[in-house]
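Welcome! Please take a look at the structure below, and then let us walk through it together.

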Amino acid sequence: MNKFIFVSGGVCSSLGKGVAASSIGALLESRGLNVRMVKCDPYINVDAGTMSPQQHGEVYVTDDGAQTDLDLGNYARFTKGRLSQANSITTGQVYESVIRKEREGKYEGKCVQVIPHITDEIKSRILAVSNEENDTDVVIIEIGGTVGDIESIPFLEVARQMIHEQGKKNVITVHLTLIPEVTDGELKTKPTQHSVKTMLETGIQPDILICRAPVMLDESTRKKIAQFTNVDIDAVFTSPNIDTTIYQIPNIFFEQKLDQVILRKMGVESRHANMKQWHSLIERFSARKDLLRIGIVGKYMDINDIYTSLYEALLHASLECAINIELVKIESSILEKTDSAEKMLGNLNGILIPGQMACSENLNQNELNGLVKAAAWARTNKKPYLGINLGMYVMLAEWVRNVLNQKDIEKYKETTQLGISEIKIEENTRLSKAYGEKKILERYRHRYEFTGLNKNDMIKSGLIPAAFNSDGTSVECIEWSSENGSFNHPWGVAVQFHPEYKSKPMAASPLFKEFVAACLKKD
């Protein structure tokens with residue numbers, strides 16, 4: 001079919017453009033179309049791997065090891081299409097490729113310019129995604145940043161060129177804007193009008209407007225927006241603020257018939273929509289009862305975007321276990337300073353220590369000691385513990401210090417592993433119970449690898465090596481023993497990999513589900 005939908009944003013950032021694009025993908029999939037998602041990031045970094053989590057948020061890792069923007073995590077959770085390095089396009093990648101070609105003489109001595117060379121490189125990458133799989137019907141391209149930013153101009157120019165080259169029936173544009181609320185609840189449409197005007201200056205007339213607003217827009221407001229932006233009134237939609245879950249957005253857009261308008265504008269015959277799984281998800285969300293309090297102990301806990309996939313994985317597990325979860329975010333450096341961990345952790349049902357935020361970042365000693373204190377509290381108080389990546393290092397460090405009475409871990413090496421890899425699970429372990437498989441595939445993003453750990457010595461002390469890499473040289477999971485005298489523990493698991501990357505709202509990560517189920521069990 002080779003249809004393309006460009007999604008841009010205006011007025012300001014953080015309006016939910018990634019969730020809107022993902023929801024459009026979910027709607028089109030519900031109508032039987034095969035969708036691929038692409039994120040165009042205007043930053044000059046080649047990828048997100050070395051970017052500060054404070055500025056950029058979570059780094060999402062694909063099967064092939066690409067370190068990408070967190071929006072690809074939304075794409076993975078909302079849609080079914082395969083994601084790889086090809087689905088993440090950055091200005092840095094584009095310029096790097098163009099400069100390499102120029103050095104190799106590929107441009108035959110021509111003056112290399114933004115148009116056509118940079119735009120052609122962007123265009124070729126988008127078209128490559130559309131042609132990668134024979135059954136792709138629609139490619140949704142989210143353009144990062146805000147219209148008017150100088151960095152976004154080449155990507156918007158690509159959209160303009162593709163509209164001209166492919167035709168209006170094959171390329172449509174969706175623009176997300178803000179409708180702010182001022183005194184006495186009055187909604188202001190002027191920012192949206194100016195945003196569309198800025199789009200027009202790039203040569204693009206938006207086909208569809210999605211207005212982020214505190215409430216659903218009434219008919220008169222939508223009519224006013226349509227009149228001043230030259231957009232059909234039935235193509236003006238609302239993305240309202242919600243207090244439930246982002247997984248409600250596909251249902252909200254469906255009720256407004258966004259997918260029907262998209263199909264009409266693309267010249268695609270309307271198909272029956274099957275939204276059953278999205279309706280069922282919201283029903284399960286509303287049906288959750290009681291409450292678990294799970295402590296997340298880490299760094300930068302006041303910035304939600306840093307642990308997006310992890311928080312979503314816990315939500316997915318809560319849906320399958322029919323339980324509400326309150327996330328108690330605890331800064332590890334503050335925990336280290338407190339006289340008693342019980343004061344901060346005593347009312348928790350479980351402890352989770354996530355992975356390191358950036359591969360280039362080191363924890364200071366106070367931060368590490370705070371994490372070790374959290375692991376020690378979970379072990380001695382028989383509370384479920386889940387450690388991910390760094391959380392596995394912490395679990396081992398706590399055991400070495402407090403059980404083996406040694407100074408610290410010595411048997412590890414600094415390394416980097418990215419992407420999917422095979423893991424062999426030992427029988428009769430909590431990990432084997434969670435997955436029900438002897439071999440699994442999970443994704444990695446880590447800096448340290450544990451080597452030289454003696455399996456028999458670990459088991460004898462009460463620390464169980466539950467999984468190894470494919471050649472058995474590295475421990476990929478450790479567990480607190482449930483059958484080792486005074487050290488026995490009901491549920492304590494730490495893994496080197498990142499199970500949260502593969503968790504989906506309709507298919508929770510097996511390990512997160514087992515962790516939440518363990519937290520549900522009463523003493």
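Start with the open sheet, where 7 strands follow the order 5-2-6-1-7-8-9 with parallel pairing. Strands pair here if DSSP finds at least two bridges between them; helices (H or I, at least four residues) and strands (E, at least two) are DSSP runs, numbered from the N terminus. Strand 5 (88-90) and strand 9 (236-240) are the edges: each has a single partner strand, so one side of each lacks a neighbour in the sheet. On average, neighbouring strands of this sheet are turned by 20° against each other, direction ignored.

This is a predicted model: local features need pLDDT of at least 70, and side-chain atom pairs count only at pLDDT 80 or more, while totals for chains, interfaces and linings use all residues. Residues are numbered from 1 along each chain as its sequence is written, and side-chain values use heavy atoms, leaving out hydrogens and water.

Now look inside the sheet. Strand 2 (residues 35-41) and strand 6 (residues 138-143) run parallel, joined by 6 bridges. Valine 35 has valine 138 of strand 6 as its bridge partner.

Helices come next. Helix 7 (residues 190-201) packs on the sheet and touches strand 1 (3-9), strand 7 (171-178) and strand 8 (208-213), contact meaning heavy atoms within 4.5 Å. The direction of helix 7 makes about 145° with that of strand 7; axes are lines fitted to C-alpha atoms, for helices over the stretch in contact, and angles run from 0 to 180 degrees between N-to-C directions. Helix 10 (residues 258-265) lies across strand 1, strand 7, strand 8 and strand 9, at about 160° to strand 8.

Finally, find isoleucine 115 in helix 5. Isoleucine 115 counts as partly exposed because its relative accessibility is 47% (buried is under 20% relative accessible area, exposed over 50%, partly exposed in between, with a 1.4 Å probe and protein chains only).
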